[in-house]
Amino acid sequence: MTAHTDHPADPARHPELLAWLDERRRAFPSWAENTGHAGRLDFAPASLGVLDHLVRQTAGSSEQITTDRLTPFIQGAVWYVGEVFCHHKGMVWKYQADADYGYAPLFARENRTSILDTPCVGLPDDEPDRGLYPLNMLRRLLIDEDEMGMPVDATLPSIFEAPYDDEDGEGEEDEEEA
């Protein structure tokens, strides 16, 4: 895969990100209806509990979420989680370059999770490499222990309440977690 290096200085204005956000906004009503919980998916923090339940019903493992990341359900779930953070935590969507590879195409079809190919949310003036990756949040729901063997008992509502808390105290989620 060839890394894309042409990008705007503002990671919130990356053209692929803006196109993806527009596509997800337009698809939301249908996506929500297809979940069977359209009336409960109202972007309130409490609605993350509904989505948490749906993700657990739909995917059997964090690996399945990675594999299925291009499906309409996971794409909608990624967008929805990020939107709740944007609405209630003052965050914005960003598309960050991978430190080693630069920009990969957004949601690259190749399943290379070590490359940052998914959008993140973060505070507008935050450090460039600090962001929360909604795809990782979804994957985190389906793991029992982290790389160090420590138990993980994450829920979308608990992640929302303390978004930068993680097992190593660094406070950042990166694309390689889960």
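**Exercise 1. Burial and overall make-up**

Find what share of the residues in the chain is buried, and list the order of the elements.

*Solution.* Step 1: in this predicted model, buried residues make up 48% of the 178 residues in the chain. Step 2: the chain contains six helices and two strands. Step 3: read from the N terminus, the order of the elements is α-α-α-α-β-β-α-α. Step 4: turn to the contacts between residues at least 6 apart in sequence; 67% of these join residues at least 24 apart.

**Exercise 2. Two packed helices**

Describe how helix 2 and helix 4 are placed relative to one another, and state which residues make the contact.

*Solution.* Step 2: helix 2 covers residues 47–58 and helix 4 covers residues 72–89; their axes come within 11 Å and cross at roughly 155°. Step 3: angles over 145 degrees count as roughly antiparallel, so helix 2 is roughly antiparallel to helix 4. Step 4: the crossing of helix 2 past helix 4 is left-handed. Step 5: on the side of helix 2, the contact is made by S47, L48, L51, L54, V55 and T58. Helix 4 contributes F73, A77, Y80, V81 and V84. Step 6: sorted by type, the residues of this contact are nine nonpolar, two polar and no charged.

**Exercise 3. An aromatic pair**

Classify the ring pair of W31 and F73 from the distance between the centres and the angle between the planes, and state where the two residues lie.

*Solution.* Step 1: a search of the whole structure gives 11 aromatic pairs. Step 2: the ring centres of W31 and F73 are 6.1 Å apart, and the planes stand at 25°. Step 3: planes under 30 degrees apart count as stacked, so the pair of W31 and F73 is stacked. Step 4: W31 belongs to helix 1 (residues 15–35) and F73 to helix 4, so the pair ties together parts that are 42 residues apart in sequence. Step 5: both W31 and F73 are buried. Step 6: one aromatic cluster is formed by F28, W31, F43, F73, W79 and Y80.

**Exercise 4. A residue in helix 3**

Is T66 buried or exposed, and how far is T66 from R139 in space?

*Solution.* Step 1: T66 is part of helix 3 (residues 62–67). Step 2: the relative accessibility of T66 is 9%. Buried means under 20%, so T66 counts as buried. Step 3: T66 and R139 are 73 residues apart in sequence, and their C-alpha atoms are 7.4 Å apart in space.

Notes:
Residues numbered from 1 in each chain as written. Predicted model: local features only at pLDDT ≥ 70, side-chain atom pairs only at ≥ 80, totals over all residues. Heavy atoms only, no water. Axes fitted to C-alpha atoms, helices over the stretch in contact; angles between N-to-C directions. Helix = DSSP H or I, 4+ residues; strand = E, 2+ residues; numbered from the N terminus. Parallel < 35°, antiparallel > 145°, perpendicular 65-115°, else oblique. Left-handed = near helix turned anticlockwise from the far one by under 90°. Contact = heavy atoms within 4.5 Å. Nonpolar A, V, L, I, M, F, W, Y, C, P; charged D, E, K, R; others polar. Phe/Tyr/Trp six-rings, centres within 6.5 Å; stacked < 30°, edge-to-face > 60°. Buried < 20%, exposed > 50% of the residue type's maximum accessible area, 1.4 Å probe, protein only.
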